[in-house]
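Biologist: I would like to learn how to read packing and charge pairs in a model. Please take me through an example.
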Amino acid sequence: MRTIMQKAHLTALLFRVRRLSLFRKPGGLFVPIILFLMVGWLSAQTTMRVYFVGNSVTDAINYDGLKAIAESQGNTHIWGRHMIPGAPLEWLWSHMSDGFTESPFGAPNNAFPNYVWDAISLQPFDRLIEGTGNDKEMIGNYINLAKGKSPNVQFYIYMRWPRTPNDLSPTDPSLTADTWNSLWTRSFSGGWDGTNETRDFFEDLLAACRAAYSDVKPILIVPVGEVFYNLNNKMKAGQVSGYSKIWQVYSDGIHLNNVGSYIAGLTFYSVFYKKDPRGTQVPSQYGSISSALANTIQNAVWEVVSTYQFSGVSAGTTVPVTGVSVSPTALSLTVGQTAQLTATVIPSNATNKNVTWSSSNALVASVNASGLVTANGAGSAIITVTTADGGKTATCSVTVTSSGGGGGTTSGVLASWDFTGKGGQTSVTTSVYMQGISSTSPSLVAALGSGLTAENYLNNGLTGRNQTATTLSAAISGNDYISFVITPASGAALSVSSVKIRPISQNRTRTFVLFSSKNGFSEGSQLGSFTANANMSASLQTISISNHTNINSSVEFRLYIYGYTDPWESVGIGNRASGVAEADLIIEGSVTSGADVQPPTKVTGLTASAIKDTRFDLSWTHA
């Protein structure tokens, strides 16, 4: 389907071609070739007009995220919706004037008779196939309302996922990958026993609707639940880094976090547009998702959508990827240097040659989307290239050495903390630190102050509740802080240039203020501050530090938190988005080891003057 804008592009292109002498050559092939190429280009562009009917589970798709995926591939995506939180199709049908809609379309009683649609998604919820207010009857109502204006519309049943049993939190340890599979694979009993949230229910509903409504295109399914099942089995098998069960993409008993929304939105894209999603970029609407995790999700979506019998999509004829190589396979760099890696996908005629790059330690060496490696700090890292098709991998070993700094100085990350899975703990000790930093406690320990009580808030942070101070002075006197300590090893001195913090502030905006033992913990001696309102997936906040140099003893930092009185809300550090490589708490600076940190002594037979901490002058006379 061509849009008006595409026709305008065609007119402009023909005008430019008409000015070429080849255009006027009798019998020339230039014109038909040009037209063939342009028509082929236009035919690859698709305009989809899609409408969604459902509740907040349909909102989980993230409409703007789906639009961004589609339009990043050159399509035009127009959408409308009718959404009432918690509503089944029966309630939505009888309450057209309630809920949320999009202008100018409005609810289905205006959108369907007055606008043409290419696809309509209907979300069954908390009803059965037969009986009062059943889903089959309601789907028929929507079909009859839309088919007059849109005789070629494709109707889809939105296959969702089961909710947690007994209203458990998705982080409850009793919920395993096997728990999810057992819920999904049950047979639909026809009754109110929870089996209307199973694969069998959605497929039985589809069969009933196809039999009842044969005057429209055969109804199809958007198999989000089946994609969850595919990913859950991969997680159970240890094939998805950081995940062991699909419950981890839930934000509560039924709703999804940003990763879950991306899975749902990408499934809708692949079904609506009948396209392989592998190699597409993750839009910002879905937050921060690592390239490795996105690659896994994209593969799972295509594995399901291209093979599921009711999706309406076929993989077609493709040349699969059988391997990948990287060149060079080893790099030796100094801090600040860059190097380009090249990936070769095998075979050379593979249909999908997209790859993603990742680093095992971005603090040592990071890599961008084109394979450019940047040396960030001393140490070792593995750079991995992964094919979008098949997940084939190849690696390059990277060794980074210090760029110097005079007398054995190494600059970079002094220490960093990853709080994944640390919810509910009072203190966390990191094992990621630079050579020259002591690992003897209290060095490298991050801990809650005595004013905070450890609380497992969303599992992946050093978090506590009982933050009740509304002023900085009250936070200081009430010990509402998180501390972290760093100590140089014997014979070494450290300098701190910045501290990066990923804040957690449940539901409210609070102020975070950093102090250190070097400057003192009294009001007015703070190093810096910021405000945050973040439950999860916050960006790192950076506080630059200028006066912490050549320190040869322990430094304790305290992050005081204030701004709201609620003893049950949590504050802390962590809860980064799934797959984000950068840690939750990072101290940056340099370590100097060796004689350079010791004051020099006078040498026998020479005259020393102007003795300083790290230098002195020698004078002598020639014999």
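Biologist: Which residues does Phe 228 touch, leaving out those up to four places away in sequence?

Modeller: This is a predicted model. In it, Phe 228 touches Trp 161, Trp 180, Ile 246, Val 249, Tyr 250, Leu 256, Gly 260 and Ile 263.

Biologist: Which residues have the most contacts inside the largest nonpolar core?

Modeller: They are Trp 161, Phe 228 and Phe 272, in a core of 94 residues. Helix H11, residues 258-273, gives the most to this core, with 10 residues. Another core, of 37 residues, lies apart from it and includes Met 434 and Val 571.

Biologist: Now the charges. How many salt bridges are found in the whole structure?

Modeller: The search finds 21. One of them joins the side chains of Arg 81 and Asp 59, at 3.0 Å from N to O. Arg 81 is in strand S2 and Asp 59 in helix H3, 22 residues apart.

Biologist: Is Arg 81 buried or exposed?

Modeller: Arg 81 counts as buried because its relative accessibility is 13%, and the limit for buried is under 20%. Asp 59, at 24%, is partly exposed.

Biologist: What is the distance between the closest N and O atoms of Glu 102 and Arg 81?

Modeller: That salt bridge has them 2.7 Å apart. Glu 102 lies in the loop between strand S3 and helix H6 and Arg 81 in strand S2, so the pair ties together parts 21 residues apart in sequence. Both Glu 102 and Arg 81 are buried.

Biologist: Where do Lys 67 and Glu 71 lie?

Modeller: Both are in helix H4, 4 residues apart, about one turn of the helix.

Methods
Residues numbered from 1 in each chain as written. Predicted model: local features only at pLDDT ≥ 70, side-chain atom pairs only at ≥ 80, totals over all residues. Heavy atoms only, no water. Core = buried A, V, L, I, M, F, W, Y, C linked by side-chain atoms within 4.5 Å. Buried < 20%, exposed > 50% of the residue type's maximum accessible area, 1.4 Å probe, protein only. Helix = DSSP H or I, 4+ residues; strand = E, 2+ residues; numbered from the N terminus. Contact = heavy atoms within 4.5 Å. Salt bridge = Lys/Arg side-chain N within 4 Å of Asp/Glu carboxyl O.
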